[in-house]
Amino acid sequence: MSPAKNTAATTPAETELRPAAESAIAGAGLRLVEVGETAPSTEELVDHYAALAVAAEQAAGELRSEASRFTAEADSAKAELRKLLEPGKHQSGNLTISITEPSRSTDWASFEKAYPVEVNPALYKSVVNAAAVPPNLKNQFMVAGTGERRVAIK
């Protein structure tokens with residue numbers, strides 16, 4: 001048997017907003033507490049949200065596993081296309097397949113040997129070596145982080 005509904009007088013605005021509010025609250029896995037009913041304790045709310053977070057993380061893990069399987073399948077198909085096609089654009093039905101050469105990068109070690117800083121100072125700039133700064137000195141310049149606190153549940 002469900003508890004009796006609150007029959008206190010409400011304004012038209014409250015009457016219009018209550019279904020939307022109840023829907024939003026239900027979507028969060030909660031419900032409105034009726035007059036005379038005890039609200040959930042902090043411990044009950046913590047248990048509820050911890051279980052919800054664990055279930056969501058498990059579902060996300062399963063989806064990541066499935067995504068990894070599909071990614072491996074796509075990578076395998078792309079490897080076969082690289083074997084079959086030369087670099088360039090190729091048509092296959094309504095698809096365009098682009099094969100490109102790998103990105104090039106600068107070999108900075110070779111550059112530094114060919115153009116040493118002592119002979120070419122204009123090509124270089126000085127930066128702080130963060131790894132060499134002692135922790136107590138770093139702590140003097142720490143700033144507050146941004147974003148929200150992290151929650152881990154194990």
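Guide: Gladly, and let us start with Trp108, which counts as exposed at 52% relative accessibility. Please keep in mind that this is a predicted model.

Visitor: Why are Trp108 and Phe111 called an aromatic pair, and what is its geometry?

Guide: By the ring rule, the count comes to two aromatic pairs. One of them is Trp108 with Phe111, at 5.5 Å centre to centre. The cut-off is 6.5 Å, so the two rings pair. Their planes are 80 degrees apart, and over 60 counts as edge-to-face, so that is the name for this pair.

Visitor: What else is found in helix α3?

Guide: Glu112 is found there. Its relative accessible area is 45%, which lies between the 20% and 50% limits, so Glu112 is partly exposed. The C-alpha atoms of Glu112 and Leu123 are separated by 9.8 Å, with the two residues 11 apart along the chain.

Visitor: How do you know that Lys83 and Glu80 form a salt bridge?

Guide: Their side chains meet at 3.3 Å, N to O. The limit is 4 Å between a Lys or Arg nitrogen and a carboxyl oxygen of Asp or Glu, so this contact qualifies. The structure holds one salt bridge.

Visitor: How are Lys83 and Glu80 placed in helix α2?

Guide: They are three residues apart in that helix, so about one helical turn lies between them. Lys83, at 65% relative accessible area, is over the 50% mark and is therefore exposed.

Visitor: Which residues make the nonpolar surface patch?

Guide: Leu30, Leu45, Tyr49 and Leu52 make it, and the patch covers about 320 Å². Leu45 has its place in helix α2, residues 42-84. With a relative accessible area of 30%, Leu45 is between the limits of 20% and 50%, so the label is partly exposed.

Visitor: How many helices and strands does the protein have, and in what pattern?

Guide: There are four helices and two strands. Along the sequence they follow the pattern α-α-β-β-α-α. Of the 154 residues, 2% count as buried. The protein exposes about 14,200 Å², and carbon and sulfur atoms supply 58% of that area.

Visitor: Which elements have the lowest and the highest mean pLDDT?

Guide: Helix α1, residues 12-27, has the lowest at 69, while helix α3, residues 108-114, has the highest at 95. Over the whole protein the mean pLDDT is 84, and 82% of the residues reach 70 or more. Where pLDDT is low, the predicted coordinates should not be read in detail.

Methods. Residues are numbered from 1 along each chain as its sequence is written. Side-chain values use heavy atoms; hydrogens and water are left out. Buried means under 20% relative accessible area, exposed over 50%, partly exposed in between (1.4 Å probe, protein chains only). Accessible areas come from the Shrake-Rupley method with a 1.4 Å probe; for residues, only the protein chains shown count as cover. pLDDT is the predictor's confidence in each residue, from 0 to 100. Patches are made of residues with over 30% relative accessible area and no salt bridge: like charges are joined within 9 Å, nonpolar side chains (Val, Leu, Ile, Met, Phe, Trp, Tyr) within 5 Å. Rings of Phe, Tyr and Trp (its six-membered ring) pair if their centres lie within 6.5 Å; planes under 30 degrees apart count as stacked, over 60 as edge-to-face and the rest as tilted.
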